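Have the structure open while you read.

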Amino acid sequence: MQHPNPAIDLEDIGALIAPHIEREGPMLPMLHAVQAAYGFIPREAVGVIAETLNQTKAEVHGVISFYQDFRDAPAGRHVVKICRAEACQAVGGSALADATLGNLGVDWGGTSTDGKVTVEPVYCLGLCACGPAAMVDEQVVGRLDEERMTALLRELRT
Amino acid sequence: MKVYVPRDSAAKAVGADAVADAILAEAAERGIEIDLVRNGSRGMVWLEPLVEVESERGRLAYGPVTADQAGGLLDGSLESLGPVEHIPFFARQTRLTFARCGLTDPLSLADYEAYGGLTGLRRAIAMTGEEIVQQVTEAGLRGRGGAGFPTGVKWKTVLEAHADRKYVVCNADEGDSGTFADRMLMEGDPFTLIEGMAIAGLGVGATQGYVYLRSEYPDAIAVMEEAIAIARANGLLGPDILRSGRAFDMEVRVGAGAYVCGEETSLLNSLEGKRGVVRTKPPLPAVEGLFGKPTIVNNVISLATIPVIFEKGAAHYAAFGLGRSKGTMPIQIAGNVKHGGLFETAFGMPLGELVNEVGGGTASGRPVKAVQVGGPLGAYLPPEQFDTPFGYEEFDGQGGLIGHAGIVVFDDTADMQVMARFAMEFCAIESCGKCTPCRIGAVRGVETIDRIGQGDASAIDLLSDLCETMKDGSLCALGGFIPYPVMSALTHFPDDFGARKEVAE
């Protein structure tokens, strides 16, 4: 679902992508810049990027939809990424993930009803010797258990 | 008083920032003058945050340290683990690639040079491209990303290719579970990677490098970008590297959460700004790579090992190892293990020694059931195979692969049918969609394992058959190697497959 946002200005998008135009392979840097500014890739940006790079909107959309990082709608205020990979599973990662999703009443990718927390899966944070691991916004957290996760979520939701 | 608190993200994930803050606050309160260095990690992750204090006995280790122990650390009442290099896990290693990691301030070029940095690059500057490539060939270095392809052969192909522009691409899309060597090196000794890439550029005549770094590693991205800026400001990168008259520059490109972009041709498409779909080979990237130009694509550890080969000589490096697996390997011991971390050693150590002696067995104290070596595409090996020496051919002979040298330990509570199903599910999620065996096969694989779980024994043959098709028919290692974990789980742990009370729903 896309959320039309009145605050999105085509000139702003142009200014965000301008520093990357001369780079080789500028598409991903542009998309990262737009997402860093808005928290998602607004529909309006697809047209601006397509025109700048002389590609079709479908091609730009194809790139956006391929990569898990790019979203077409805003996430909750905080994003908690819980590692689902094998090393974290070996130390109870699956149970921790199930409990977290249960507590928030969401499925993977869902946002708590207060709009504060979106929970997403991630496949390895490179914290495989101190799992279960998660990333809260850009902060990594290791040796998690349900108690610590509950405290973390409480902090994020207040 | 000189104190070291790691800035490595594994240390940060377990509270290193709070520990560093507490040490500074306590020191200020007591009027102690303190020089706090945020070093890389020594790789003993179970001890993180591992704080070191300089003393006449060497750097004394403390860990895991909590913020409320900062006072005790300063007044000497906190018990030390002794000099950090004497901790058995560390003392048993042969550190070549990771020699500086944890020892120095990762962003101090002075530290870097004081511990042997740039010696290799200076030597390489005096050599021809052919001589540089010859050194790499003689060292016997093989691709540390997992494929184990001889690095010298790859470089020679790029050297001999004629083009107006060539590239050095560093594959830092370390997505394999159980591996963190790339991350640790980039966060702990980033100049090594920069130096290695510069030598590669000189060797094959490439002037531009890219580090394709996964977005899941924000700390590594920050350190690499800062290190590149420092290197450029000090003439280590740019139009005239170390006043040699030769140019080489590089930048970081951030991935966007696609595992398959660790496959070299997907990575190149992603760098070009396309969907990260696998390309058919040939042409090899060494001939037609990034933007169609000859390109070296090497893993972080391969490139970061280049400087030590040039510093100490190819013969020194090649003297370590076993058979055709030359040199050392940074092995990552992870999962349910007592002493998890990074252990660099010459090839040849038996798997069981790594798991039980170095790693100390499981963290839970229960028996080891299996280990998965080489990430999500690697086989599950039971203790009966623990006498296998750690080497490319040796693992191949046992139906496994060493991959990027991650070992994930599982205790006897692990359900191998669940792990096999997860492997197929992961492949379905991460498949780029280009080839049918991977795109469709992985989805059918999940369904087939579910049928086995519901008691349909006839589905076992179907799963074996499907795995054969995926292995033979997939374009890249994602679909082609997913049968390793699935079939090894089925072969070694048949009792876990089938209808059982505990999974009946």
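The lining of the largest cavity splits into eight nonpolar residues, two polar and one charged, where Ala, Val, Leu, Ile, Met, Phe, Trp, Tyr, Cys and Pro count as nonpolar, Asp, Glu, Lys and Arg as charged, and the others, Gly among them, as polar. This is a predicted model, so local features need pLDDT of at least 70 and side-chain atom pairs 80 or more, while totals for chains, interfaces and linings use all residues. Residues are numbered from 1 along each chain as its sequence is written, chains are lettered from A and ligands numbered from 1 in the order written, and side-chain values use heavy atoms, without hydrogens or water.

**Cavities**
- On a 1 Å grid over the protein atoms alone, a cavity is a set of points where a 1.4 Å probe fits but cannot get out; lining residues have an atom within 4 Å of a point.
- The largest cavity has a volume of about 50 Å³, a volume being the space filled by probe spheres set on points joined across faces, edges and corners.
- Its lining includes Cys432(B), Cys435(B), Cys438(B) and Cys476(B).

**Largest pocket**
- A pocket is an open set with protein on both sides within 12 Å along at least five of seven lines.
- The largest pocket comes to about 1300 Å³, and its 49 lining residues divide into 20 nonpolar, 17 polar and 12 charged.
- Gly145(B), Gly146(B), Ala147(B), Gly262(B) and Ala477(B) lie nearest its centre.

**Domains**
- Chain A has domain 1 (10–66) and domain 2 (78–157), with bounds from an automatic or database domain assignment.
- Their centres, taken over C-alpha atoms, are 30 Å apart.
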